Amino acid sequence: KPYLRALHAMYPNWEFKAYHTGLDWNTALDNEDIVGKNLIPNSSGIGWKSLEEGAYNWKTDSFIVYDGSTWVTASKAAIEYYMDPRNFLDEKSIFQFEALTYEPTYQNLDGIENILKYTPLYKTSYVYEDANGIMQTISYGETFIKAAEYSGVSPYHLATRVKQEVVTGTTTVSNSVTGTVKGYEGLYNFYNIGAYHSTQAGGAIANGLKYAKYGSSSNDALNDSTLIPWDNRYSAIVGGAYFIGDSYINRGQNTIYLQKFNMTPYYTYSHQYMANVVAPSSEGKKTALAYTGAADSPVVFSIPVFLGMPESACPMPTPAPTC
């Protein structure tokens with residue numbers, strides 16, 4: 001409460017709601033502290049990486065990689081630090097608890113461009129062929145507005161998710177959205193949907209592009225709604241947004257935090273969008289950029305509360321992470 005009172009004094013139009021999970025803190029932590037479930041870059045300090053069996057090879061003195069070439073299992077201390085909401089009740093990190101529904105009264109193109117600044121998508125347009133075979137020109141920012149209208153998901157969240165998933169530098173993007181991957185030419189996956197962990201070079205991207213081509217093997221209706229195949233940028237962004245809304249936000253995982261740590265009654269502790277344990281914090285900070293100059297916006301935050309939480313906020317492992 002002291003953290004929220006301080007924020008309310010600075011931003012009186014912000015609204016804070018408690019999300020009572022009904023879950024015991026230690027039980028929730030044990031269910032998240034499973035080897036390979038929560039990942040962190042191998043470049044992180046020793047306190048951030050798990051030494052449990054299956055996470056660390058004592059014979060070779062090396063951490064076992066679970067995704068790409070660098071992602072290893074996070075330590076229990078790292079998981080509980082990022083799980084504890086009290087560590088992130090500041091004016092930027094709190095956006096991992098923002099309710100992710102589309103609010104057209106205050107979510108707008110300027111906010112989206114604030115998020116996309118310093119990326120290749122900032123105030124950039126592309127050309128695509130629409131369903132009627134007509135060539136259209138639209139900016140990425142405008143596309144996120146269209147995606148929000150179609151899916152009911154916050155365009156700020158969608159832009160932030162894309163920035164987190166596929167932007168690799170100020171002028172570069174992941175192969176997920178170049179349309180040039182061999183065997184998957186002309187396909188795009190801006191949210192890395194279906195890009196399951198793989199230690200093979202390019203394996204996760206190939207998995208995502210396979211989804212972009214075929215979609216769900218058991219749900220034709222979902223494929224229609226998500227505009228599969230994602231053979232142009234527009235359908236990939238707008239259709240992918242519908243997938244996120246249908247699969248996560250509209251089922252109760254309606255904050256970045258709950259998409260990472262699923263504390264809802266729907267597939268509790270599983271059905272988690274990302275493995276990166278740092279993702280809610282980093283995505284929250286990126287979302288905060290959208291509200292620069294718009295502090296009066298009536299943003300709603302849904303903050304999880306557990307039973308039997310520690311008296312004090314869980315401390316950060318040392319040394320600090322490099323990600």
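Let me begin with a question: is R251 buried, partly exposed or exposed? R251 counts as partly exposed, because its relative accessibility is 39%, and the cut-offs are under 20% for buried and over 50% for exposed. Please keep in mind that what you see is a predicted model.

R251 has a salt-bridge partner. Its side chain meets that of D246, with 3.9 Å from N to O. D246 is partly exposed too, at 26% relative accessible area.

A search of the whole structure finds 5 salt bridges. I will cover two others.

The next one joins K76 and D30, at 3.6 Å from N to O. K76 sits in helix α3, residues 76-83, and D30 in helix α2, residues 25-32, so to speak of the chain, these are distant parts, 46 residues apart. K76 is partly exposed at 38% relative accessibility, and D30 is partly exposed at 45%.

Then there is R161 with E283, where the closest N and O atoms are 3.1 Å apart.

Which residues of α3 are buried? They are A78, I79, Y81, Y82 and M83. What covers the buried residues of α3? The cover includes α2, α10 (256-260), α11 and the strand β9 (300-307).

Last, a sheet. Three strands form an open sheet in the order β2-β6-β5, with antiparallel pairing. The edges are β2 (39-41) and β5 (65-67); each has a single partner strand, so one side of each is left without a neighbour in the sheet. On average, neighbouring strands here are turned by 55° against each other, direction ignored.

How many bridges join β2 to β6? There are 3, and the two strands run antiparallel, β6 being residues 71-73. Within that pairing, L39 stands opposite T73 in β6.

That is where I will stop.

Note on methods
Residues numbered from 1 in each chain as written. Predicted model: local features only at pLDDT ≥ 70, side-chain atom pairs only at ≥ 80, totals over all residues. Heavy atoms only, no water. Salt bridge = Lys/Arg side-chain N within 4 Å of Asp/Glu carboxyl O. Helix = DSSP H or I, 4+ residues; strand = E, 2+ residues; numbered from the N terminus. Buried < 20%, exposed > 50% of the residue type's maximum accessible area, 1.4 Å probe, protein only. Contact = heavy atoms within 4.5 Å. Pairing = 2+ DSSP bridges. Axes fitted to C-alpha atoms, helices over the stretch in contact; angles between N-to-C directions.
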